[in-house]
Amino acid sequence: MYDPKTLNDEQLKAVECNDSHILCLAGAGTGKTHTMLNRICRLVDVDKVNPKFILVLTFTNAAAFEMKHRYEKMMNSSCVPTFGTFHSFCYSLILHDLTIRSHLGYSAAPTVVTPMIEKQITAEAMQLCGIKPVAGKSALSPKSGYEQKIFNKTFKKLLRDRNYITFDIMCYDVCQLFTDNNPIIHQYKARYKYI
């Protein structure tokens, strides 16, 4: 249950703010997770938001599990928001939504590539393109930039042809659907009103 007495003044401001976009910038151990969970609880408990409309994303499975566990303990409810990692959310859409999967160029659910296989496919793509790897982080020349684009396209095609995907490509491609407001993700934008 939402309990504002457990929050300091700054946390309370974030929890009770009704702006559509909120940034909580704070150091380690300052209560960001506690604040976010109280905000979610306030939405459900006070504003009567259905938890199925809330999507909570984090970077690690451990953090997602801990937040879900803490939410269940606070709210004592079986109706829980979607808690997960960015990767698991994107992969779930690809696995379960045939339209998204097809749009991204896959006929079956792709496997996340292992580092060894990714290295092999990288070498093959470089050989097919006739380019050498670009070392360092300096700005690319027009020629190198063009070669990099050709390599990226070849690399992604080889991955798709073998039904593989990388975490980076998976997240980028799914996020691009949201950014472009592609009609195939409208159902998810309609469902997850609170992220």
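Modeller: In counting charges, Lys and Arg are taken as positive and Asp and Glu as negative, while His and the chain ends are left out, and each charge is placed at NZ of Lys, CZ of Arg, CG of Asp or CD of Glu. In this protein there are 24 positive and 17 negative side chains, and the centres of the two sets lie 5 Å apart. Please keep in mind that this is a predicted model, in which local features need pLDDT of at least 70 and side-chain atom pairs count only at pLDDT 80 or more, whereas totals for chains, interfaces and linings use all residues. Residues are numbered from 1 along each chain as its sequence is written, and side-chain values use heavy atoms, with hydrogens and water left out.

Biologist: How many helices and strands does the protein have, and in what order do the elements run from the N terminus?

Modeller: Helices (H or I, at least four residues) and strands (E, at least two) are DSSP runs, numbered from the N terminus. The protein has nine helices and four strands, and their order from the N terminus is α-α-β-α-β-α-α-β-α-α-β-α-α.

Biologist: What does the radius of gyration of the protein look like beside that of a compact globule?

Modeller: The radius is taken over C-alpha atoms, and the globule rule is 2.2 Å times the number of residues to the power 0.38. For 195 residues a compact globule would have a value near 16 Å, but the protein has 21 Å. The C-alpha trace spans about 65 × 40 × 30 Å along its principal axes.

Biologist: How should I check the length of helix α2, and which of its residues are buried?

Modeller: The expected span of a helix is 1.5 Å times one less than its number of residues. Helix α2 (residues 32–45) has 14 residues and should therefore span 20 Å, which agrees with the 19 Å between its end C-alpha atoms. Its buried residues are Thr35, Leu37, Asn38, Arg39, Ile40, Cys41, Arg42, Leu43 and Val44. Taking contact to mean heavy atoms within 4.5 Å, the buried residues of α2 pack against α1 (9–16), β1 (55–58), α3 (61–75) and β2 (82–85).

Biologist: What can be said in the same manner about helix α8 and what covers its buried residues?

Modeller: Helix α8 (residues 167–179) has 13 residues and should span 18 Å, and its end C-alpha atoms are 18 Å apart, which agrees. Ile169, Met170, Cys171, Asp173, Val174 and Leu177 are buried in α8, and what covers them includes α4 (86–96), α5 (98–103), α7 (142–161) and β4 (164–165).

Biologist: Where is Asn181 found, and is it buried or partly exposed?

Modeller: Asn181 is found in the loop between α8 and α9 (186–191), and at 39% relative accessibility it counts as partly exposed. Its phi is near 55 degrees, a positive value in a residue other than glycine. Asn76, in the loop between α3 and β2, also has a positive phi, near 50 degrees, and at 73% relative accessibility Asn76 counts as exposed.

Biologist: How should I read the strands, and which residues is Gly84 in contact with?

Modeller: Gly84 is in strand β2 and is buried, with a relative accessible area of 10%. Leaving aside its neighbours within four places in sequence, Gly84 is in contact with Val56, Leu57, Thr58 and Ala64. Leu57, in strand β1, is partly exposed at 23%. The C-alpha atoms of Gly84 and Leu57 are separated by 5.2 Å, although the two residues are 27 apart along the chain.

Methods. Buried < 20%, exposed > 50% of the residue type's maximum accessible area, 1.4 Å probe, protein only.
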